[in-house]
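Have a look at the structure first, then read on.

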Amino acid sequence: MNIILLGPPGAGKGTQAERLIKQLNAVQISTGDIFRTNIKNNTPLGAKAKEYINKGQLVPDELTIDLVWDALDKVEDEKSVLLDGFPRNITQAEALDEGMQKRDKKIDKVININVPEDVIIERISGRRVNVSTGKVYHIKFNPPKVEGIDDETGEKLIQREDDTEKAVKQRLDVYNKQTSVLIDYYDKKGILVTIDGAKTPDEVFDQIKKSLEK
Ligand code: AP5
């Protein structure tokens, strides 16, 4: 089963992806995580992506689409794929349709995590991440055992550079103008389910599991 996690910044896509990959024996492909790893490793892709990400803008499609194919082509056939943060506009969605068809694959479900804007702001401002592993915490809703330290690796947690108030405003604007149209795009294909993402992580996960049983 191949799944897209759709939703505004801070909706909880990464948080739910971490649970879903265990449940489904799936591979997560997060374009945001791939860009952040490249930024951390000072690669040419990272340098280009950083210019856009820190301003809250989308990285150009020509840089994004190919890296999704690279990641997809590495996934073993028997594994499910969980796309987190891709596609983010109509061009990417159409490229995905075409690329999946070429590979004899398809998207089975699109899970749209719906969260109001005031909740998003609170979630993003309290988020802390381990850049090496992508593991996500929240200072209030999901704190690490020791403040500022990853429970699993002992590495330092940081606040993402695109989690500033200005960048978050821009990311929400980009979501509203370019990404939210995908709700309708996938609804018309009959594969969209919308989940109330304003509940606790466990409750959100329960809704997702139920929607996948249907
Ligand atoms: P990306 O990394 O994809 O960021 P995003 O879509 O803005 O989403 P976030 O990572 O901010 O949030 P999330 O929904 O994963 O929430 P999380 O689980 O962390 O992209 C970053 C940038 O990269 C983009 O702006 C763009 O520039 C570029 N990019 C990426 N993909 C691209 C593409 N396809 N094309 C072009 N450019 C692209 O949760 C948020 C916080 O809330 C956490 O602290 C978490 O602990 C907490 N939380 C989660 N769920 C709950 C809950 N139910 N209750 C309470 N707290 C919760």
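The report below covers the overall fold, the surface and the salt bridges.

## Overall fold

This is a predicted model. Its protein chain contains nine helices and seven strands. With a radius of gyration of 16 Å, close to the 17 Å that the globule rule gives for 214 residues, the chain is as compact as a globular protein of that length. The C-alpha trace spans about 45 × 40 × 35 Å along its principal axes.

Contacts between residues at least 6 apart in sequence are worth a look too: 70% of them join residues at least 24 apart.

## Surface and charge

Of the 214 residues, 45% count as buried. The chain exposes about 11,500 Å², and carbon and sulfur atoms supply 49% of that area. There are 34 positive and 37 negative charges, and their mean positions are 2 Å apart.

## Salt bridges

Searching the whole structure turns up 16 salt bridges. One of them joins the side chains of Asp-202 and Arg-19, at 2.7 Å from N to O. This pair links distant parts of the chain, as Asp-202 belongs to helix α9 and Arg-19 to helix α1, 183 residues apart. Asp-202 is partly exposed at 48% relative accessibility, and Arg-19 is partly exposed at 27%.

Other bridges sit inside a helix. In helix α2, Arg-36 and Asp-33 are three residues apart, about one turn, and their closest N and O atoms are 2.9 Å apart. In helix α7, Lys-177 and Asp-173 are four residues apart, with a closest N to O distance of 3.0 Å. Lys-177 is exposed at 61%, whereas Asp-173 is partly exposed at 31%. Finally, Arg-127, Arg-160, Asp-162, Asp-163 and Arg-171 are linked in a salt-bridge network.

Note on methods. Residues numbered from 1 in each chain as written. Predicted model: local features only at pLDDT ≥ 70, side-chain atom pairs only at ≥ 80, totals over all residues. Heavy atoms only, no water. Helix = DSSP H or I, 4+ residues; strand = E, 2+ residues; numbered from the N terminus. Rg over C-alpha atoms; globule rule 2.2 N^0.38 Å. Buried < 20%, exposed > 50% of the residue type's maximum accessible area, 1.4 Å probe, protein only. Contact = heavy atoms within 4.5 Å. Areas by Shrake-Rupley, 256 points an atom, 1.4 Å probe, with all protein chains shown as cover. Lys, Arg positive; Asp, Glu negative; His and termini not counted. Charge placed at Lys NZ, Arg CZ, Asp CG, Glu CD. Salt bridge = Lys/Arg side-chain N within 4 Å of Asp/Glu carboxyl O.
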